[in-house]
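Visitor: Hi! Could you walk me through this one?

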Amino acid sequence: MITRRLLLASATALALVTPAFAQEKLKVIATFSILGDIVANVGGDRVEVTTLVGPDGDAHVYQPSPADAQAVAGAAVIVANGLGFEGWMDRLIEASGTKAAMVNASEGVTPIAFGEEDHAEGEAGHEGHDHGAEDPHAWQSVANVGIYVSNIAKDLSAADPEGAETYKANAAAYLAELDTLDTEIRSAVAALPEDRRTIVTSHDAFGYFAAAYGLTFVAPQGISTEAEASAQDVAALITQIKDQKIGAVFVENIADRRLLDQIASETGAKIGGTLYSDALSAADGPAGTYLDMMRHNLSQLTAALSN
Ligand code: ZN
């Protein structure tokens, strides 16, 4: 015990007397929790990551705080998802007066178009919302996150050339983990019965997952949680669930579950669990990192859809 206390004391003393040698970390902003984790994996010890929209937060309807503007003002690098996800970002950048380098993590991703047919007809007061023409949830495909990682490594290296080798090595290690994850998802989905591959969620956050892994997702809300589901949309979905005998609907960590509860009770479908769509859980939750989030979602889906 005494030895340990002495060691701790001397380590603290050392830290106190050597601030000049402590490396100044690159201050990096990530716009939301999933991206924050990816940036931290690539940046490692060289970066200090601040995340704007935290665990279980909804970036679609986020309102930046004065503290966010301050963090953005002091950042060296700002990493955003792009694809119209952060509708509040331009104003925040402008208001903060930041000189930070801007990284568009999704640059080079093949976007999935958000079709007009996904807009419910006759929605009132809809014009002011910024939906964009493309589905922003590209991180739900592991291959796309590989593109994010390469972009982030390149742009962190540009901002901090001395760290280039570190970023490259960190990116390579993380890409290997992504490869393993991708293989896991593919084999788990392949094991599902062909007629058990349709999933109901709150909002259309899983288009890239569907495209990459061959499942079908339907949702009463569109690609943004800003839009209210119309009564027509909900009625059509209830009919579809009954017709196709869809056995499970999934709630999302960022979305209000009341509508899903209603749909479940009207169709007899069971709530299959919680999917993490646009945000991680708290660090001690089931989806504290991107890798854990994807594995958690996969286990929820396979548990409800197998048999
Ligand atoms: Zn979303």
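**Strands, helices and a metal**

Visitor: How many bridges join β3 to β4?
Guide: Strand β3, residues 77-80, runs parallel to β4 and is joined to it by four bridges. V77 has A101 of β4 as its bridge partner. Two strands pair if DSSP finds at least two bridges between them. Helices (H or I, at least four residues) and strands (E, at least two) are DSSP runs, numbered from the N terminus.

Visitor: Before we go on, what sort of model is this?
Guide: It is a predicted model, where local features need pLDDT of at least 70 and side-chain atom pairs pLDDT 80 or more, while totals for chains, interfaces and linings use all residues. Residues are numbered from 1 along each chain as its sequence is written, and side-chain values use heavy atoms, leaving out hydrogens and water.

Visitor: New topic: what holds the zinc ion?
Guide: H60, H137 and H203 coordinate the zinc ion through NE2, and D278 through OD, at 1.9 to 2.0 Å. Donors are N, O and S atoms within 2.8 Å of the metal. The angles among the four donor atoms are 94 to 115°, and the site is tetrahedral (four donors, all angles between 85 and 135 degrees).

Visitor: Where do H60 and H137 lie?
Guide: H60 is in the loop between β2 and α3 (66-73), and H137 in the loop between β4 and α5 (142-159), so the pair ties together parts 77 residues apart in sequence.

Visitor: And the helices: at what angle do α5 and α6 cross?
Guide: The axes of α5 and α6 cross at roughly 175° and come within 9 Å. Axes are lines fitted to C-alpha atoms, for helices over the stretch in contact, with angles from 0 to 180 degrees between N-to-C directions. The two helices are therefore roughly antiparallel (over 145 degrees).

Visitor: Which residues meet there?
Guide: Among them are V142, V145 and V149 in α5, and Y167, Y174 and L178 in α6; contact means heavy atoms within 4.5 Å.

Definitions and conventions:
Donors = N, O, S within 2.8 Å, 3.2 Å for Na, K, Ca; no water. Tetrahedral: all angles 85-135°; square planar, octahedral: opposite > 155°, others 65-115°. Parallel < 35°, antiparallel > 145°, perpendicular 65-115°, else oblique.
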